[in-house]
Amino acid sequence: MSFHGVPQGVTSPPAPASAGEDESHKTPGTLVLVFVFLAAFVVYYFVNWKLLSFLWRIG
C-alpha cells in the first residue's frame, strides 16, 4: 500500500537488521559508561558538600 507524499518506511517499516542475532554483547560497554559517569557524579556531589561544610563551618 502506497500513499502519495508519505515515506515508504512509515507505511511498511523494514524488519530489524539483527532479528535473529543475540544483542546482549552490545550492552556491557553502555553499562560501564553509565556507571562510570554515575560514580563520577556521586564523588563530585559528596566532595562538594565536604568542601562547603569546611567553608561554611557546618558540623
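Tyr 45, Phe 46 and Trp 49 form one aromatic cluster, where rings of Phe, Tyr and Trp (its six-membered ring) pair if their centres lie within 6.5 Å, planes under 30 degrees apart counting as stacked, over 60 as edge-to-face and the rest as tilted. This is a predicted model, in which local features need pLDDT of at least 70 and side-chain atom pairs count only at pLDDT 80 or more, while totals for chains, interfaces and linings use all residues. Residues are numbered from 1 along each chain as its sequence is written, and side-chain values use heavy atoms, with hydrogens and water left out.

**Aromatic pairs**
- A search of the whole structure finds two aromatic pairs.
- Tyr 45 and Phe 46 form an edge-to-face pair, at 5.4 Å centre to centre with 85° between the planes.
- The rings of Tyr 45 and Trp 49 have centres 6.4 Å apart and planes at 65°, so this pair is also edge-to-face.
- Tyr 45 and Trp 49 are separated by about one helical turn because they are four residues apart in helix α2.

**Exposure**
- Tyr 45 is partly exposed, with a relative accessible area of 47%, and Phe 46 is exposed, at 54% (buried means under 20%, exposed over 50%, partly exposed in between, with a 1.4 Å probe and protein chains only).
- Trp 49 is partly exposed, with a relative accessible area of 47%.

**Helix α2**
- The 29 residues of helix α2 (residues 27-55) should span 42 Å at 1.5 Å a residue, which agrees with its end C-alpha atoms being 42 Å apart; the expected span is 1.5 Å times one less than the number of residues.

Terms used: Helices (H or I, at least four residues) and strands (E, at least two) are DSSP runs, numbered from the N terminus.
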